[in-house]
Amino acid sequence: MASPAETAAMTRAIELATSVLGTTNPNPAVGAVVLDREGQPVASGATRPAGEAHAEIVALGEAGVRAAGGTLVVTLEPCRHVGRTGPCTDAIITAGIARVVYAVADPHTAAAGGSETLRAAGIDVEDGVLADTAAADLLPWLTAVRRQRPHVTWKYAATLDGRTAAADGTSRWITGEESRRDVHRLRALSDAVVVGIGTVLADDTHLTVRDWPTTRQPLRVVVDGKARTPVSAHILDGAARTLLAVGNDADPERVKPLRDTGAEVIELPRREGRIDLSALMATLFEREQHIVLLEGGATLAGSFVKQRLVDRVVGFHAPALLGSGPPVLGDAGIPTISAASRLTVTDVRALGADVRITADVDRGGR
Ligand SMILES: NC(=O)c1ccc[n+]([C@@H]2O[C@H](COP(=O)([O-])OP(=O)(O)OC[C@H]3O[C@@H](n4cnc5c(N)ncnc54)[C@H](OP(=O)(O)O)[C@@H]3O)[C@@H](O)[C@H]2O)c1
């Protein structure tokens, strides 16, 4: 059973993990605290950007000899594999740590098993401490690793009656400034931001992070079966990398000028006449794009829901009514109420005059 000092250290480790969210991808954001043999906190650390030290290594480095006989408290089970960096289990054993307390087990096939390695080295190991709290921020990464495809958050902005535009097509701006800024935060946390060609043609969106501090821009992805993206589109402006997913039957005459802009164009198979989104997800996962933000429009979002590729929904609702105009979600292949995609609301927050609802798709349901 974790001591009060270990539980307090885990709370601190979770805060540290949260503070580096979005800067560690494709690695998970992890926090760690070292307690000396008297149980006093002597060092802490959080995951550095990919290729640099994991949280455990940062904390152990800061602790130095004070780690010997002490306890390492960490939000994720220490890894035992050689990835971009060496195994954390080796460093923990070498530092002379006597006890390891972690929150969430590592589902990664190569990295998991760290706790057995530590136990085999005579280290006392306790898992599951504040696991639910630690898992909240880790969930997208955990889902991606478990499902071997990116975690997808579908974000939309709508009126209270679920419209994204008026009957005449006007839609700027449905939600207020705070909601729009929050979208930049969501982008900053993501590896890739995905839209359909309908949205590019209608809005000429940039899809970059401009209104939130960030160390990197997510990959911009357009699902564009017939290669209709105009070469003059903002999304091809070079402000961030862009990937165009076109059909493998797209006209080469249209594809070539798109490639000439410097964008990457991948040709994907079709499924029921449209780009196979599972193939797109597999391609993104192979490239370690673990966290995806789907920004619409309604047609593409409907296909994602239909193929059960949406894990989380973040809806920004403005206190306005339109009564007619396009709905927020297109056909998702749900014919009857019993087949509805069910979600669990995890957060409701006022942003200026708007309300932001975050909900996770129930894994037991559709
Ligand atoms: N309020 C919001 O949150 C929000 C967000 C985004 C967009 N919007 C609005 O939504 C409108 C655009 O939405 P939209 O529904 O017309 O277009 P969309 O969903 O952005 O794009 C749909 C197009 O993507 C292509 N596509 C390729 N594979 C697909 C697949 N598997 N499933 C679905 N589509 C696939 C298809 O064109 P091809 O056949 O050519 O491949 C399809 O017509 C705009 O008015 C925009 O302002 C609102």
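This is a predicted model: local features need pLDDT of at least 70, side-chain atom pairs count only at pLDDT 80 or more; totals for chains, interfaces and linings use all residues.
Biologist: Why is Asp-204 called exposed?

Modeller: Asp-204 has 12 other C-beta atoms within 10 Å. A residue is buried if 20 or more other C-beta atoms lie within 10 Å of its own, exposed if 12 or fewer, and partly exposed in between, with C-beta atoms placed from the backbone.

Biologist: Why does Glu-272 count as exposed?

Modeller: Glu-272 has 9 C-beta neighbours inside 10 Å, so it falls in the exposed class of 12 or fewer. Its loop runs between β11 (270-271) and β12. Glu-272 also has a positive phi, near 50°.

Biologist: Why is His-108 called partly exposed?

Modeller: His-108 has 19 C-beta neighbours inside 10 Å. Burial needs 20 or more and exposure 12 or fewer, so His-108 falls in between. His-108 is in the loop between β4 and α4 (114-120). The C-alpha atoms of His-108 and Leu-142 are separated by 8.4 Å, though the two are 34 residues apart along the chain.

Biologist: Where does the kink in α5 lie?

Modeller: The kink lies at Leu-138, shortly before the proline Pro-140, and is about 70°. The bend at a residue is the angle between axes fitted to the seven residues ending there and the seven starting there. Just after α5, Gln-148 takes a positive phi of about 55°.

Biologist: Which elements do the buried residues of α5 pack against?

Modeller: They pack against α1 (4-19), β3 (71-76), β4 (99-104), β6 and β13 (291-294). Contact here means C-beta atoms, placed from the backbone, within 7 Å of each other. Leu-138 and Pro-140 are among the buried residues of α5.

Biologist: What makes helix α2 (residues 55-63) mostly covered?

Modeller: Seven of its nine residues are buried. Among them are Ala-55, Glu-56 and Ile-57. The cover includes β1, β2 (41-46), β3 and α3 (88-95). Gly-64 follows α2 with a positive phi, near 55°.

Biologist: What is the omega of the peptide bond from Asn-25 to Pro-26, and of the one from Arg-172 to Trp-173?

Modeller: The bond from Asn-25 to Pro-26 has omega near 5° and is cis. The bond from Arg-172 to Trp-173 is cis too, with omega near -20°. Pro-26 is in the loop between α1 and β1 (31-35). Trp-173 is in the loop between β6 and α6 (177-188).

Biologist: How many residues surround the ligand, and which are the closest?

Modeller: There are 30, and the closest are Gly-196, Gly-198, Gly-225, Gly-296 and Gly-297. A residue is near a molecule if its C-beta atom, placed from the backbone, lies within 6 Å of it. α7 gives the most to this shell, with five residues.

Biologist: How does the shell around the ligand divide by class?

Modeller: The shell has 13 nonpolar, eleven polar and six charged residues. Nonpolar covers Ala, Val, Leu, Ile, Met, Phe, Trp, Tyr, Cys and Pro; charged covers Asp, Glu, Lys and Arg; the others, Gly among them, are polar.

Biologist: Which domains does the assignment give?

Modeller: It gives domain 1 (4-138) and domain 2 (149-361). The bounds come from an automatic or database domain assignment. The contact takes five residues from domain 1 and seven from domain 2.

Notes:
Residues are numbered from 1 along each chain as its sequence is written. Helices (H or I, at least four residues) and strands (E, at least two) are DSSP runs, numbered from the N terminus. Two residues are in contact if their C-beta atoms, placed from the backbone, lie within 7 Å.
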